[in-house]
Amino acid sequence: MSVPSSRAAAAPSEADAREAEFAGALLELADGAADGAAPDDALPGAAEADGSHAKLTALAVHARHRLAREGRACETAALLDAPSEADPVRHGYSGARAARLRHVEHEQCEGPATDTLRTGTALSTLPLNGAAARWPRYAPAALEAGVCAVHTVALPDVRSDHGAGAGVLVVHLDEETPLGPAATAALTALARACALGLAHRTALRRGAELRRALGSRVVIEQAKGVLAERRNGSVDDAFRTLRAYARSQQRPLHQVAREVVEAQLLDPPFQRSAAPPPARRNR
């Protein structure tokens, strides 16, 4: 009887490899720094000027790959609602067709993403052949593009860097066969991981903003003490001098304060007083 080698016994199966890949996708999406952010004082923006968003693009691509492993042909889009009408919707696409259909939704103000963003309710594999009454302009355009059905997943509790609160993952399917429980669960997990990553990123940014605010407050307090000692006055008078100078020069108060602390501003009104400090009264 032949005995399998330990290497063969330890070799991962194809299913194990797929699960490992899926776990890696979840970790990538849940990482608040996955799209280039870092937990420091200079966090870059997550979205480009046109609204394209690295983490949303990653969500769309991972969702499409996950469904492709089950033999489902599709394209996907991930969207965050805009905080105001003046701002673009944050988005990510797995292909050009998904981008075109999003443009159709935007122009016609109807479609699966529009409905899910408005109501927060997901759509479960809705065939487009019977959706003309619901979306009289979007449905014909999607059918012409080769999309037979749509499926959406709402992103839970999204709080983006730009204030948006609602998100959606849209799947444009090439056939009407409903997604099975495993595929639906996978899409939900990906969407939740992305929402977690967006919330994590926002927490990092707010933390950096708080650190900057605290640093500014500290240097202003230091400057008040330095200037009060230099001019033999009160800290309230010192603060009024700092504030008036910053306003007259149209400069941030904390920058002026830092230059006072570092003795870079010594000219009026920051010169040292020639008068001796007032004598203290003995009680």
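## The largest pocket and what lies beyond it

Analyst: Let's begin with two helices, α4 (96-108) and α5 (112-119), each of which supplies at least two residues of the lining of the largest pocket. Please keep in mind that this is a predicted model, with all values computed from it. Rolling a probe the size of a water molecule over the atoms shows where empty space is left. In this model the largest pocket holds about 230 Å³ of space.

Which residues line the largest pocket? They are Asp81, Val89, Arg102, Glu105, His106, Cys109, Thr114, Leu117 and Arg118.

Now look at strand β1. β1 pairs with strand β5 (residues 167-173) in the antiparallel sense over 7 bridges.

Is β1 buried or exposed? 7 of the 7 residues of β1 (residues 74-80) are buried, so this strand is largely enclosed by the rest of the structure. In a regular strand the side chains alternate between the two faces of the sheet. In β1, one side has Cys74, Thr76, Ala78 and Leu80, the other has Glu75, Ala77 and Leu79, and all of these are buried, so both faces are covered.

Helix α2 (residues 14-30) has 17 residues and reaches 25 Å from its first C-alpha to its last, close to the 24 Å expected at 1.5 Å a residue. Phe22, Ala25 and Leu29 are buried in α2. They cover an arc of only 55° around the axis, which puts them on the same side of α2.

Helix α8 (residues 235-249) can be read in the same way. Its 15 residues reach 21 Å from the first C-alpha to the last, close to the 21 Å expected at 1.5 Å a residue. The buried residues in α8 are Ala238, Thr241, Leu242, Tyr245 and Ala246. Seen down the axis of α8, they fall within an arc of 125°, so they line one face of the helix. On the face turned away from that buried side you will find the exposed residues Arg247 and Ser248. After α8 comes Gln250, which has a positive phi near 55°.

In helix α9 (residues 253-261), the buried residues are Val256, Ala257, Glu259 and Val260. They cover an arc of only 160° around the axis, which puts them on the same side of α9.

Most residues other than glycine have a negative phi, and most peptide bonds are trans. Thr125 has a positive phi of about 40° although it is not a glycine. Its place is in the loop between α5 and β3, and Thr125 is buried, with a relative accessible area of 7%. Ala263 is another non-glycine residue with a positive phi, here about 60°. It is found in the segment after α9. Ala263 is partly exposed, with a relative accessible area of 43%. Pro269 also lies in the segment after α9. A cis peptide bond joins Pro268 and Pro269, with omega about 10°.

Read along the sequence, the pattern is α-α-α-β-β-α-α-β-α-β-β-α-α-α. Of the 283 residues in the chain, 38% count as buried.

Technical notes:
Residues numbered from 1 in each chain as written. Predicted model: local features only at pLDDT ≥ 70, side-chain atom pairs only at ≥ 80, totals over all residues. Heavy atoms only, no water. Helix = DSSP H or I, 4+ residues; strand = E, 2+ residues; numbered from the N terminus. Expected span 1.5 Å × (residues − 1). Buried < 20%, exposed > 50% of the residue type's maximum accessible area, 1.4 Å probe, protein only. Arc of directions from axis to C-beta. Pairing = 2+ DSSP bridges. 1 Å grid on protein atoms, 1.4 Å probe; cavity = no way out; pocket = protein on both sides within 12 Å on 5 of 7 lines; lining within 4 Å. Points joined across faces, edges and corners; volume = space filled by probe spheres on them.
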